[in-house]
Amino acid sequence: MTSTLPSTLPKVPGEGTNSSGPAQPPRLLSGGAIPNLKDRIPKLEPRRRKAEPANPMPVPETPPAPPRPDPAALNFTIPTRRILSPQDHQLFLSSPTYNLILSFIFGLSESVVDRPISSVRDTDLSPTVQTILTILDETDALCQESPPDDQGGSRFGNKTFRVFLDKVKQRSPTWHATLLSQQPESNAIPNSTAAAAELSTYLCQSFGNRSRIDYGSGHELNFVMWLLCLYQLSLLQPPDLPALALRVFTRYLTVMRRIQSTYYLEPAGSHGVWGLDDYQFLPFLLGASQLTHHPVVTPRAIHQELMLEEYGADYMYLGQVAFVNSTKTVRGLRWHSPMLDDISSARGGWAKIEGGMRRMFVNEVLGKLPVMQHFLFGSLIPAAEGMSEPPEGGAASNGNGEGGDDDEEEGGEVEVFDDKEGVRHVHQPKGWGDCCGIKVPSSLAAAAEMKKRGAGEQLRRIPFD
């Protein structure tokens, strides 16, 4: 039986069209078969994404570690502020000390690539590292022994924090005497008392500011500088770096979380919701390095509560995000931490995030004068030649012996006085100083006060989320 073709066929693009005449029917293949139109339909190609703009700043590299000083040749001194002007800051940024700090911190990051916290066992800890962990344990106990005063629901810093810091300062000489007793005989320190005083300044400054009752990345940096000083004295060695990052620094984080939550420490110089974190920075640098080639955990995992719960104890980045979530009164990173939310969608994985954290540390910590004006220099972390001398009276001019962080420049028409609570005021001719500026309440305090009212599990959602 012979099949008949329909009188008309569907038009095919490119077929049956003649620009100089009427439309022509499609040509049939030999034998009268209908042509295969599939190959004549234009193929759909995926839309190409625009290339991301190149970052003009390359990822900062790890400078070579400079040789450690001979302890016998050091003239130990109480660390003081030496960055008192933009010129001082520029001198610091081009100094060997700047490279020393980058070498140590970036070396910590490189030492934990692809390593969970649990990879460092107790048998891997040197005697000095064990002593440091004991010091942090005792610091945690001092916090628990100094409960905060009842301040009637206020979300600002609790003044009992000063009592805690006084206890830390009292215990510090004993702690450092124990540390220095572990010094090898080949590097014996002639004046261990002066060395302990220099070391103690960095440690006492790493838990927050006594006058302002606040805490920030500058105080966190002081803790790492304390470790750097121990490294400079050869009490710590290169094989100790993974333990310092994964065991010592993580223990410091848990201690600071207790201190922040107990005394409602206010964020020091916080960028608010547009900052990376109200208090910490280094957990994100070290944590991104830990996750560089993780086969399961991707940057988007910070939005998944199950991933945070399962991996947060072993990876600093996830643990810090989980802690940030627990301290906020609204739900969702996009609302309370949009920078972390943006970073989670960056293409390039954890390696790219670690490189971005390096840039941020260089630009937003070491590169910011408001942060570095509180940095302390001594014999182990020396100031650059030509930097300003410390203000008259040295580090202990406020009577607390706490280094230069609580001191302010005097002179001219500036009015300087201590109030009845022992807080130093530095009032400028125009306006007020930082001492009487607008205080920033702690987000930790807001979350804690909600829990006291029985609303701890009732986080607010932003409308239309």
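Let me begin with burial: a residue is buried under 20% relative accessible area, exposed over 50%, and partly exposed in between, using a 1.4 Å probe and protein chains only. This is a predicted model, so local features need pLDDT of at least 70 and side-chain atom pairs count only at pLDDT 80 or more, while totals for chains, interfaces and linings use all residues. Residues are numbered from 1 along each chain as its sequence is written, and side-chain values use heavy atoms, with hydrogens and water left out.

I'll take helix H1 to start. Helices (H or I, at least four residues) and strands (E, at least two) are DSSP runs, numbered from the N terminus. H1 covers residues 86-93, and its Asp 88, His 89 and Phe 92 are buried. They lie on the same side of H1 because they cover an arc of only 100 degrees around the axis, the arc being that of the directions from the helix axis to the C-beta atoms. In general, an α-helix has 3.6 residues a turn, so residues three or four places apart point the same way. On the face of H1 turned away from the buried side sit the exposed residues Gln 87 and Gln 90.

What do the buried residues of H1 pack against? Their partners are helix H2 (96-111), helix H13 (349-366), helix H14 (369-372) and strand E4 (376-377), where contact means heavy atoms within 4.5 Å.

Next, salt bridges. The criterion is a side-chain nitrogen of Lys or Arg within 4 Å of a carboxyl oxygen of Asp or Glu. By this rule there are 12 salt bridges.

H2 and H13 come up again here. Glu 110 forms a salt bridge with Arg 358, with the closest N and O atoms 3.2 Å apart. Glu 110 is in helix H2 and Arg 358 in helix H13, 248 residues apart, and the pair links distant parts of the chain. Glu 110 is partly exposed at 44% relative accessible area, whereas Arg 358 is buried at 6%.

Arg 358 also meets Glu 354 in a salt bridge, at 3.0 Å from N to O. These two are 4 residues apart in helix H13, which means a separation of about one helical turn. Both Glu 354 and Arg 358 are buried.

Salt bridges with shared partners also join Asp 137, Asp 140, Arg 251 and Arg 258 into one network. Within it, Arg 251 pairs with Asp 137, the closest N and O atoms being 2.8 Å apart. That pair links helix H7 (residues 241-263), which holds Arg 251, to helix H3 (residues 127-144), which holds Asp 137. Arg 251 is partly exposed at 21%, and Asp 137 is partly exposed at 39%.
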